[in-house]
Amino acid sequence: MSISTNQIKYIASLQSKKFRKKYGKFIVEGEKPVKEALDHFHNYIDHIYLLEESAELYEGHPNLDPKLLSLINNKELSRISGLKTPNKVLAICDIPEQTIIQKPEEKFQLYLDQINDPGNFGTIIRIADWFGLKQVFVSPECAEVWNPKVIQSSMGAVFRVKVIEENLKELTEKWPEIPVLVSDMDGIDIFKTKEISGGWIVIGNESHGVSQEIRNLPHQKISIPKGEGSQMESLNAAVASGILLAGLIHKSF
């Protein structure tokens with residue numbers, strides 16, 4: 001089955017946030033991310049475009065509706081793909097409605113403040129999934145979760161971890177008993193303190209750190225200690241997220 005010029009234009013438009021918002025759809029590309037979408041997000045799959053020679057990839061998958069599948073050739077895939085090297089399959093999914101916020105069950109929750117880089121954003125979602133978090137909270141200024149680069153870098157974790165956009169001040173008003181833990185060079189060493197047993201772990205912007213609005217909230221500064229002789233001024237936001245979660249979650253058991 002070939003795809004029309006209008007279909008190609010429509011799919012290509014979904015690389016833009018403007019048209020993702022207009023149509024309420026987003027793109028998933030690659031064998032693993034589409035498999036994860038089928039496993040955990042199948043109710044939102046609108047259509048799948050798959051190379052003819054790769055049809056066996058999802059054959060017999062219990063969540064695959066054959067009516068939503070179109071077999072295409074390499075040339076057609078390259079025309080609809082946003083990747084330099086298209087990877088076998090592309091899916092169009094519906095953007096779900098914002099999740100109703102429930103009080104977090106886990107002791108620690110990630111709060112991302114103005115994380116603009118889609119690669120960092122997706123990697124942090126992947127890290128959250130590794131540590132068993134069911135949701136990640138983000139400020140309205142963060143990158144869009146349905147950006148194709150976020151989807152790719154999350155490696156499918158975005159279909160298991162709910163990303164909830166909410167102002168941290170409003171969250172603290174709902175649940176004032178949950179402390180705010182701001183990642184800061186001047187904070188207490190997470191590997192030495194025994195005082196912290198839960199809270200919002202706030203990861204700030206890649207260049208400017210945590211916003212002043214959040215620093216105006218009652219909070220505790222936490223830090224990852226440098227190695228002796230280190231001259232580095234900061235850590236990548238995703239790397240810092242992983243270290244903080246590893247240090248705090250395992251210490252709390």
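This is a predicted model: local features need pLDDT of at least 70, side-chain atom pairs count only at pLDDT 80 or more; totals for chains, interfaces and linings use all residues.
## Helix α5

Helix α5 spans residues 118–130, 13 residues in total. From first to last C-alpha it reaches 18 Å, close to the 18 Å expected at 1.5 Å a residue. Its buried residues are Pro 118, Asn 120, Phe 121, Gly 122, Ile 124, Ile 125, Ile 127 and Ala 128.

After the helix comes Gly 132, which has a positive phi near 85°.

## Asp 189

Asp 189 belongs to strand β8, residues 180–189. The residue is buried but forms no salt bridge. Lys 192 is the nearest side chain of opposite charge, at 4.2 Å; the salt-bridge cut-off is 4 Å.

The side chain of Asp 189 does reach a backbone nitrogen, that of Phe 191, at 2.8 Å. Leaving aside residues up to four places away in sequence, Asp 189 touches Ser 223 and Pro 225.

## Aromatic pairs

There are 9 aromatic pairs in the structure. In one of them, Phe 41 and Trp 146 have ring centres 6.1 Å apart and planes at 40°, so the pair is classed as tilted. Phe 41 sits in the loop between α3 (31–40) and β2 (45–51), and Trp 146 in the loop between β6 (135–138) and α6 (148–154); the pair therefore ties together parts 105 residues apart in sequence.

Phe 41 is buried, at 7% relative accessibility, and Trp 146 is buried at 12%.

Terms used: Residues are numbered from 1 along each chain as its sequence is written. Side-chain values use heavy atoms; hydrogens and water are left out. Helices (H or I, at least four residues) and strands (E, at least two) are DSSP runs, numbered from the N terminus. The expected span of a helix is 1.5 Å times one less than its number of residues. Buried means under 20% relative accessible area, exposed over 50%, partly exposed in between (1.4 Å probe, protein chains only). Lys and Arg count as positive and Asp and Glu as negative; His and the chain ends are not counted. A polar contact is a pair of N or O atoms within 3.5 Å; within protein, one must be able to donate a hydrogen and the other to accept it, and residues adjacent in sequence count only if both atoms are side-chain atoms. Contact means heavy atoms within 4.5 Å. Rings of Phe, Tyr and Trp (its six-membered ring) pair if their centres lie within 6.5 Å; planes under 30 degrees apart count as stacked, over 60 as edge-to-face and the rest as tilted.
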